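I set out below what I looked up in this structure, entry by entry. The entries follow single residues first and then wider features.

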Amino acid sequence: MNPYRRATLLCSVGLGTTLTFASSHWLLAWMGLEINTLAITPLMAQHHHPRAVEATTKYFLTQATAAAMILFASTTNAWMTGEWSINDLSNPIASTMFMAALALKIGLAPMHFWMPEVLQGLDLLTGLILSTWQKLAPLALIIQTAQTIDPLLLTLLGISSTLVGGWGGLNQTQLRKILAYSSIAHMGWMIIVIQYAPQLTLIALGTYIIMTSAAFLTLKMSLTTKISTLATTWSKSPILTSTTALVLLSLGGLPPLTGFMPKWLILQELTKQDLPIIATAMALTALISLYFYLRLLYAMTLTISPNMINSTTPWRTQTTQTSLPLALFTTAALGLLPMAPAILMLTT
Amino acid sequence: MAVSKTTLKTLFGVYGVIHRQTLLLPSTLRCSVILSSRSIYERDYRRPGQPPDTRWPWQKIQFDFSKGVEGIKKHIGLLKDEFVQRWTGPEGRPLIDHMLEQTRVQWEFRGPESLSQWVVSSDQEIGGRSEAYIKLGKNNTTCMLYGTLCSTPPRDGETRYSGYCTLRSKQPLASFDRKKYYDWSSFNTLHMRIRGDGRPWMVNMSAETFFSHQRDDIYSYFLYTRGGPYWQDVKIPFSKFFLSSRGRIQDDQHVLWLDKVSMAFSSPRTLSSN
């Protein structure tokens, strides 16, 4: 793609999210979301491949539907209460419709069906933008309105997302689909605690972005999109293989890695709020996700995939990809747990 | 001459409009003409030369209770299998199988039930006179596709060329008739064992056809048969398949993505240019 066009589109994507962050009026927030959707559409379809075009179409249709529902919910609220402000979403019908629309936007179960298909059709960098940056604006709106939304709805969305994210990811061999289901599961963790402690949602979002970026950039560095080619990364870059193994464990939420932080804090908050059953259910569903992360780890590090050549290290030219972002995100994904108190202080 | 032809055409067009308007004047007829006309993007296939099917949807229902009960049992069984398969691994097999496999036999003809995975069609669908049939060969280990190819175009006023026979694999279906796709991402070659009669064939594959944009997208490659008494092993790498849409080869070519292949079929092309 022409670099000027790519720069313009990336800036528009940033503008859309920033506009939604900065708005207190529903129409401006909706406009930011629409700018976001429209700007990322050419980025997704830039390769003109039929699958990329299909993924773009699916993404555009779902996001446009969600945006239309948001507009409808906000106009319903304005009709009933006369308020356009985001913080004054008092009509229950409007708030439920709004939550359903935003759940569709970020891919929460049961509105998650578009996510694996869309991510599968994209290249890894655009998939990374979709999994991380595109979640910011809708989550900002959810955090602002969480107090007015039915608690049962939020809990159901959270638990079903973690369940579906775990269960759906079990059967996959394509890595982008696995990361899509991982995204669904992590969104579930973010939503479940939003009504009790929004700062934990922000912490979960931040750590999720760091870990997912590390995962996507690793896959981009080793140019793999399925488990069978992931199994040959040990011969391409042994250091990357070992750090990726740890990043996967971090995604699974194991201590002493960064991914443990949000899960521990969220379970602690749920227990404090006297919801032990929900906390237990969340912990158990996290185990299902952990299973497929461990399966990736097993395929990558604990097995030697059959190669057709005799030597163990195939010849590979020096990569021209920039490795600094990968290094930064990997370090952050592995080593931020001891800073948990500082991060908590930052977000409260 | 040309001027008179165009004036004739416009006259006919005007006459047609006037004619239609006379139909529209009585109010009852007017309602039926407007409501029963279909858009050009109707889904059902219309055989060239036939009028469009303008029945109402409720006139197309064929209700059968026992078939319904059997269908429910079958689909719930398939759904249960899908849930249970997840415990084992991708596509119901352990991951180690998936990682270690180098070849997979997708279709083989062993017994009469293997023929039910294939659909044979010829240009009789569009009114031509070709015929094609499949039957099991000797010892129930091979399948024979036989018939006659007739390239006389049907006289329906629309079709100019004709003469084809097609052997197509059925779309695999999951529970409740959802489309299922083959995941051939571990492989890079299509290997067929065939014995032909010397005619050139075309191997076509289609991928995801969810949207109308890609509905007619087919990836094709040629298959030249030898016609001898010996069997031929044909290996076609998937990267050789070229993209065409509605029979027209696309300028913007892309490689076939193997993680969602939906069906493969082959059809002979006649070399005469009728």
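**Entry 1: Ser130(B).** I looked up the burial of Ser130(B) and found a relative accessible area of 0%, so the residue is buried; buried means under 20% relative accessible area, exposed over 50% and partly exposed in between, with a 1.4 Å probe and protein chains only. I note that this is a predicted model, in which local features need pLDDT of at least 70, side-chain atom pairs count only at pLDDT 80 or more, and totals for chains, interfaces and linings use all residues. Residues are numbered from 1 along each chain as its sequence is written, chains are lettered from A and ligands numbered from 1 in the order in which they are written, and side-chain values use heavy atoms, with hydrogens and water left out.

I placed Ser130(B) in the loop between strand E1 (118-122) and strand E2 (131-136) of chain B; helices (H or I, at least four residues) and strands (E, at least two) are DSSP runs, numbered from the N terminus. The side chain of Ser130(B) comes to 3.1 Å from the backbone nitrogen of Cys150(B). Setting aside neighbours within four places in sequence, I listed the contacts of Ser130(B), among them Ser122(B), Asp123(B), Thr148(B), Cys150(B) and Cys165(B); contact means heavy atoms within 4.5 Å.

**Entry 2: Asp217(B).** I found Asp217(B) in strand E7 (residues 217-224) of chain B. With a relative accessible area of 12%, Asp217(B) is buried. Not counting residues up to four places away in sequence, Asp217(B) touches Pro50(A), Ser206(B), Leu243(B), Ser244(B) and Ser245(B). The side chains of Asp217(B) and Ser245(B) are joined by a polar contact of 3.4 Å; such a contact is a pair of N or O atoms within 3.5 Å, where within protein one must be able to donate a hydrogen and the other to accept it, and residues adjacent in sequence count only if both atoms are side-chain atoms. I also noted 9.7 Å between the C-alpha atoms of Asp217(B) and Ile249(B), which are 32 residues apart along the chain.

**Entry 3: Ser74(A).** I located Ser74(A) in helix H3 (residues 50-81) of chain A. Its relative accessible area is 2%, so Ser74(A) is buried. A polar atom of the Ser74(A) side chain lies 2.9 Å from the backbone oxygen of Leu71(A). Beyond residues up to four places away in sequence, Ser74(A) touches Trp26(A) and Trp84(A).

**Entry 4: aromatic pairs.** How many aromatic pairs are there over all chains? I recorded 18, with rings of Phe, Tyr and Trp (its six-membered ring) paired if their centres lie within 6.5 Å, and planes under 30 degrees apart counted as stacked, over 60 as edge-to-face and the rest as tilted. Tyr182(B) and Trp184(B) are stacked, because their ring centres are 5.4 Å apart and their planes stand at 10°. Trp184(B) and Phe238(B) are stacked too, with centres 5.8 Å apart and planes at 20°. This second pair links distant parts of the chain, 54 residues apart: Trp184(B) is in the loop between strand E4 (165-169) and strand E5 (189-194) of chain B, and Phe238(B) in the loop between strand E8 (232-237) and strand E9 (242-245). I found Trp184(B) buried at 4% relative accessibility, and Phe238(B) buried at 4%. Ring pairs link these residues into a cluster that includes Trp107(B), Trp118(B), Tyr221(B) and Phe242(B).

**Entry 5: backbone geometry.** I noted a cis peptide bond from Ala109(A) to Pro110(A), with omega near 0°. Pro110(A) lies in the loop between helix H4 (92-106) and helix H5 (114-120) of chain A. A cis peptide bond also joins Pro255(A) and Pro256(A), with omega about -5°. Glu91(B), a residue other than glycine, has a positive phi near 55°, and Glu91(B) is partly exposed, at a relative accessible area of 35%. Phi of Arg246(B) is likewise positive, near 55°, and Arg246(B) counts as exposed at 65% relative accessibility.

**Entry 6: chain B overall.** I recorded 4 helices and 11 strands in chain B. Buried residues make up 30% of its 274 residues.
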